[in-house]
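Please look through the structure shown here before reading on. The paragraphs below go from the contact between the chains to the parts of one chain.

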There are 2 protein chains.
Amino acid sequence: MSSQANGSSKRHPVLTKSSINPAVLEVEYAVRGELALKADKYTHELADGKKDLPFDKVVTANIGNPQQKGLDQVPITYWRQVISLLEYPNLMEEHLEIAKQIYPSDVIARAKSLHEEIGSVGAYTVSKGILGIRKRVAKFIEERDGYPADPENIYLTAGASAGVSQILGIALQKGDGCMIPIPQYPLYTATLAYVSAKPLPYYLSEADNWSLNHDTLVQTIEKAKKDNTPVKALVIINPGNPTGACLPEDAMKQVVQLCYDHGIVLMADEVYQYNIFDPENKPFISFKKVLRSMPKEVAETVELISFHSISKGVSGECGRRGGYFECTNLSDEVMEQVYKMASVSLCPPVTGQVGVDLLVSPPKPGEPSYDLWKTETTTTLSHLKERSQFMGERFNSLPGMSCQPADGAMYLFPRIEMPQKAIAEAKKQGKAADVMYALDLLDATGICAVAGSGFGQEPDTYHLRVTALCPGVENYVAKIEKFHKDFMSKWQ
Amino acid sequence: MSSQANGSSKRHPVLTKSSINPAVLEVEYAVRGELALKADKYTHELADGKKDLPFDKVVTANIGNPQQKGLDQVPITYWRQVISLLEYPNLMEEHLEIAKQIYPSDVIARAKSLHEEIGSVGAYTVSKGILGIRKRVAKFIEERDGYPADPENIYLTAGASAGVSQILGIALQKGDGCMIPIPQYPLYTATLAYVSAKPLPYYLSEADNWSLNHDTLVQTIEKAKKDNTPVKALVIINPGNPTGACLPEDAMKQVVQLCYDHGIVLMADEVYQYNIFDPENKPFISFKKVLRSMPKEVAETVELISFHSISKGVSGECGRRGGYFECTNLSDEVMEQVYKMASVSLCPPVTGQVGVDLLVSPPKPGEPSYDLWKTETTTTLSHLKERSQFMGERFNSLPGMSCQPADGAMYLFPRIEMPQKAIAEAKKQGKAADVMYALDLLDATGICAVAGSGFGQEPDTYHLRVTALCPGVENYVAKIEKFHKDFMSKWQ
């Protein structure tokens, strides 16, 4: 058979939009889409010396990336000291005397103990993650909740996202329904599309500070039943992304009961559990704790998977890729499948695992590193809170913009009263009006923030998600204000 | 509706083997299955002081994990020095004068330059990986192959496995055929099962040093056509895992032509490209180079994705999770989908990306770190080669065992002439005979090596994959020999 005779045009390229996995085409991911590409382009142009842009730097307020260049969240010194010793253990051996001039004694002791436990951070670990670290995660959960946790039910992961993908990929069959909040972090819709499961949106109530309404959940379930979609799982993000809302205990109990009544698996994305602005009045409560506090029948039945991460909180170590999930009430036969799938991806990054260890067992009062650790973490959290409040107030005072205050997390999700003319123009451009708004904002100010339509929102409402991570917040907000006023008068 | 009235037994647990994603049940992964669990159990028992085992340590020869405890491959000093500075940049700032007593000047310069380029290693990077590093990967490929490479076609990944999963997940539709070598690294069968694609095995020729036979490939394609299975992709592992065979250029050209003729996407797993024992006579040649050397029509048509990793080679940094893939001749519309899917998983671990940088641009002759780097890498490679040859010879001198010598990689795959009685007993136990052999080997010696059936093999043949990473190889081989002789006489 001659290749010429067949002609390459018939068969090549083999991979086209119509020949690849069709589920991939359904995936959408707004946080790093057109907007992010355009922001990258501007960044490179500025680096190459381009002068005719109306801004001199790009502010990437589109992703919760606390340690990125230009932001002021510095890594926690204790973390980096411990990890640098693990990376180059010779500092604790041949060069120990010199290292002692730099590293506090508790850092060296911690690194030595981890080094002995783990060995080289360049070696694969067991697929579930290092046992000693999982034991310390279990202890952390027990102390947080007051209920026991079993290290064998804990899996270390390459960030919470990897855990969420793994679990959704195991739990859901094609066509299964998975309830997700709207607005939501788009990882969920993207992953559901990839596994050909069906997102079942439930709307959070903006007017009531983005609260979770029990009737809305019930309606979503009833609608799915009418459509013959099996409701397999319910995702809750608490504290909320992008809303910043923190769930009260009563609402959480109702959720757990609902899962019990309807046979639904609960997936709790709790990666912002440390980012709480008013812990006395609006504390973070874990779903594990709420579940365990329910009557035995419920407490020992409802299947819960909860996710945590080193990427958020006050550590902000997203680039390291570390996190964990805890499975509660999953059957042994399913846990075996979870183990098998974790094995295929070998193991999470080892210094990500170490990050989880440092997250769950920070320095203790009295140890040499404690004061600095305390200062650094307190400062980061208070800056986040101050900026969040400042931004919320300023957004609320703008005509055509309103903003629910955040209880936690690291975002604000202001609402834009979009002018009809802007809506019409965006429609012409084939875009949602808030996408046009976000792209125009980037063009005018260099500020990169994601349109509400990337997270989902009630029909005919328009939002913008901005992170509360930016230093020089006064100037940052002033730019958004000026742009917003110009935009509103342009489309009046 | 009362929860009691419904009864929990009806609906709970929600997740069972019959309700979860059925593709997950199809996934098999021998490298970390029953054997690995048993090895873990023994390790913990030994750590807890158990004395009545017939061995005093577990030797995990089941995974290519060069830096694991008990093995002698030490991390490359240059790598760890650079990364420790990036982890704690204060060593290059406030503590620079002290650090200069420890770190060579080129290490400090390299770390400073990377720090300036990347910023914090705790921040997310762009989804494709840091642009500067992708540029240097392109340069490495150009220098290796003598043909241009475009950084925009290069994606940094969390190890080669993550890249393979991503690409197979995008390229293959349900039911698509993907040709895989037998024996093969089980990542491929596992991933194909997960994406519901169909593995199309082609047998490597053991008698001819595990060579790739063109006719076998053609037969596999013809068989698939008869079964109405579209042949979408062809995976080649070169150098081979578990075979250690290194492909000659002629065979590679035939493969590329075959892909052109039949409209097949080529996936080249080239993670062992640096592990070559006889570079003069059996050099590694990349598929990119072979493809580009073909007539224009082929060179600019056949779609190739090639994978590389920091986990193998002489770096052996598996725990860091770093690697890359390069796409050649993929259409723009498909590259957009690749970009989108990379975005969903945010970014590969940053120090894994740095590892890729250190892999593709090591210290240069004349720089202060060069001599040590050269000594370390040469020693690692020569140890690997010596052990591989030593083990191969000893295995070949054993009755009932034969072993093809390896050209590279880090494994041997000796064949066991399994006694009929052992086959019958294994059948009774519901196991493949070589799985029984491997479990018995572990029980008797503490050596954990994977049975050939985990990698696939010709029917009625039996193998064992052992890594050539173990120090004290004399003692290690002696234990296998003793066990083997006992096993053979037991089942004679």
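Which side chain of chain A meets that of B:Glu87 in a salt bridge? The partner is A:Arg320, with 2.8 Å from N to O. A salt bridge here is a side-chain nitrogen of Lys or Arg within 4 Å of a carboxyl oxygen of Asp or Glu. Between chain A and chain B there are four salt bridges.

This is a predicted model, in which local features need pLDDT of at least 70 and side-chain atom pairs count only at pLDDT 80 or more, while totals for chains, interfaces and linings use all residues; side-chain values use heavy atoms, with hydrogens and water left out. Residues are numbered from 1 along each chain as its sequence is written, and chains are lettered from A and ligands numbered from 1 in the order in which they are written.

The contact between the chains (heavy atoms within 4.5 Å) involves 106 residues from chain A and 107 residues from chain B. Together the two chains bury about 8,800 Å², and 58% of that lies on carbon and sulfur atoms. Buried area is the accessible area (1.4 Å probe) that two parts lose on being put together, summed over both.

Chain A is itself divided by the domain assignment, an automatic or database one, into domain 1 (22–73 + 374–491) and domain 2 (124–360). Their centres, taken over C-alpha atoms, are 27 Å apart. Each of the two domains puts 38 residues into the contact between them. Two salt bridges are counted between the domains of chain A. Elsewhere in the list of side-chain pairs, A:Glu206 and A:Arg415 meet in a salt bridge at 3.2 Å, N to O.

Chain A also holds an open sheet of three strands in the order S10-S14-S13, with antiparallel pairing. Strands are DSSP runs (E, at least two residues), as helices are (H or I, at least four residues), numbered from the N terminus. Two strands pair if DSSP finds at least two bridges between them. At the edges are strand S10 (411–412) and strand S13 (450–451) of chain A, each pairing on one side only. S10(A) is joined to strand S14 (residues 464–467) of chain A by two bridges, and the two run antiparallel. Within this pairing, A:Tyr411 stands opposite A:Thr467 in S14(A).
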